[in-house]
Amino acid sequence: ETPRTYATKVKNAQEAHEAIRPAGHPFRLPSELRNELDADQFKLFDMIWKRTIASQMNNARGRRITITVEGDGAIFQASGKTIDFPGFLRAYVEGSDDPNAQLADREIILPPVKVGETLTLNDLQAKSHTTQPPSRYSEAALTQELERRGIGRPSTYASIIETILARNYVFRKGTALIPTWTAFSVVRLLEDHLADLVDYEFTAQMEDLLDSISRGEQDWVEYLKKFYFGHDSQGLKHKIDQKVKEVDAREMSRFPLGAPESGLHREPVFVRVGRYGPYIEQGDRKASIPDQLPPDEMTLERAIEMLDRAKADDAPLGEDPQTGKPVFVKNGRFGPYVQLGTNEDGEKPKMSSLMKNMSPEDVTLEVALKLLALPRVVGKHPESGEDIVASNGRFGPYIKCGTETRSLPAETSPIDVTLEQSLELLKQPKQHGRGRAAPKEPLKVFEKSPITDEPVKLLDGRYGPYVTDGTTNASLPKGTSAEAFTFAEALALLAERAAATPAKKKRAAKKAAKKAVKKTTSKKNASKKAVKKAADSDDI
């Protein structure tokens with residue numbers, strides 16, 4: 001009936017620069033732009049359009065119904081939900097591409113019953129139910145929580161998340177942000193010794209104070225003096241000076257897991273946060289914790305297993321016949337690896353990661369020595385005479401000859417690749433982009449385009465079938481059958497797509513022409529200067 005207006009939840013927020021809405025007249029529907037946008041652009045515009053429309057629609061209205069059934073002293077309940085008026089849900093449902101289907105899923109229709117009615121039991125199924133822990137924060141959920149608490153501003157949320165990732169306070173696992181042991185240690189330190197500074201209310205109030213400074217209502221120098229020096233020794237400087245003497249760094253970085261009730265080692269087990277990452281400690285025994293292991297998965301049983309495995313790692317596979325140094329298989333922060341020698345030798349031991357398809361249990365002394373020999377010279381190229389070297393790199397195994405490199409197939413290992421296999425790989429054209437598949441065969445090849453004089457092809461792309469004349473690409477409309485697609489339809493689709501973006505080509509041509517004129521003018525000016533200089537010289 002009337003336009004709906006929304007007030008910002010964040011004080012002093014300047015959000016005009018963040019408004020992204022459909023514009024123009026007439027107000028075009030997403031379906032009209034499907035052939036003018038690529039798949040990602042269309043999905044983005046479709047979402048923006050739906051949210052814009054939904055923002056001006058009425059709220060949804062519904063009813064919840066609960067039926068309670070008593071039988072032989074047991075109480076059963078069934079809950080239902082009926083949506084009487086879908087409102088804005090008809091246009092947009094958070095996280096759903098199909099609002100109508102989502103609306104149907106939200107409704108649970110119960111049969112009509114009356115109070116006191118006797119029911120007949122046809123079937124009874126027992127279902128277990130366990131309470132699930134709260135979901136982990138995703139970036140979006142964390143931003144919503146910060147906004148709800150009044151912490152940060154729209155322009156700072158991205159930098160907050162970047163900071164906690166850069167400082168290894170969290171790591172990503174899918175869309176979830178997993179806290180690390182370093183984060184637990186830092187939070188404990190702050191909560192135990194500077195609790196008033198990490199209080200949610202203090203942070204929100206500080207945001208308001210900074211806003212008042214930005215509006216010129218408070219003097220920033222006075223605010224910083226009060227915060228840092230304080231009154232009656234309550235400033236940050238005095239607190240830190242006092243806490244430095246009190247903080248026990250060992251205690252702040254140690255988390256108990258318990259003590260085993262049986263076995264040879266019954267000392268308490270701790271997680272320690274060290275300079276080079278977290279590790280497990282039990283008396284004199286230590287073991288590294290993999291970087292991507294969530295803290296909640298570190299149980300006492302798992303810790304004991306990792307300590308036992310680390311003890312087994314201390315037993316060498318054997319000795320290197322050339323150097324006489326021991327060879328080990330170990331598990332580190334970045335996965336299993338083999339090691340030649342120890343730190344006690346006075347030299348840094350040589351290390352080499354295991355291949356992706358290898359497990360520590362399968363590594364023998366022979367295999368370990370081959371891994372430690374990488375990179376190895378496979379042989380010389382018969383034409384250039386350069387060495388062909390096999391190695392295991394950051395992105396997987398590969399061979400190199402001069403400036404030419406080739407990735408090794410999954411079934412070929414750099415420790416076993418032969419000279420013949422290497423030469424065959426070097427003969428093949430280099431793929432531009434790791435893992436790029438060979439070009440697919442066209443679904444159809446039509447006649448030549450009257451515009452480009454190139455054959456028009458129907459191809460299967462990453463986002464579905466599309467046609468191309470060598471210059472213009474156009475996706476097939478949704479629901480169009482590739483088998484029944486004709487040459488005339490292809491020309492019409494390409495013409496429509498080309499007509500939608502002519503300005504860019506004109507600008508590019510105009511820019512190239514302008515650049516060419518500028519270059520010619522520069523050359524002429526340079527020639528004139530040279531002639532003038534020569535005319536003024538005494539040599540003529």
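User: How many bridges join strand β1 to strand β2?

Analyst: This is a predicted model, in which local features need pLDDT of at least 70, side-chain atom pairs count only at pLDDT 80 or more, and totals for chains, interfaces and linings use all residues. Residues are numbered from 1 along each chain as its sequence is written, and side-chain values use heavy atoms, with hydrogens and water left out. Strands (E, at least two residues) and helices (H or I, at least four) are DSSP runs numbered from the N terminus, and two strands pair if DSSP finds at least two bridges between them. β1 (residues 61-71) and β2 (residues 74-85) run antiparallel, and the bridges joining them number 11.

User: Which residue in the turn of the β1 and β2 hairpin has a positive phi?

Analyst: The hairpin has 2 residues between its strands. Most residues other than glycine have a negative phi.

User: How are α3 and α4 oriented to each other?

Analyst: Helix α3 (residues 139-148) and helix α4 (residues 157-166) pack with their axes 11 Å apart, at an angle of about 120°. Axes are lines fitted to C-alpha atoms, for helices over the stretch in contact, and angles run from 0 to 180 degrees between N-to-C directions. Under 35 degrees counts as roughly parallel, over 145 as roughly antiparallel, 65 to 115 as roughly perpendicular, and the rest as oblique. α3 and α4 are therefore oblique.

User: Which residues in α4 meet α3?

Analyst: Contact means heavy atoms within 4.5 Å. From α3 come Glu 139, Leu 142, Thr 143, Leu 146 and Glu 147. Their partners in α4 are Tyr 157, Ile 160, Ile 161 and Ile 164.

User: What is the bridge partner of Tyr 337 in β12?

Analyst: β11 (residues 335-340) and β12 pair antiparallel over 4 bridges. In β12, the partner of Tyr 337 is Ser 353.

User: What is omega for the cis peptide bond that joins Leu 374 and Pro 375?

Analyst: Pro 375 lies in the loop between α11 (365-372) and β13 (376-380). Most peptide bonds are trans. The bond from Leu 374 to Pro 375 is cis, with omega about -5°.
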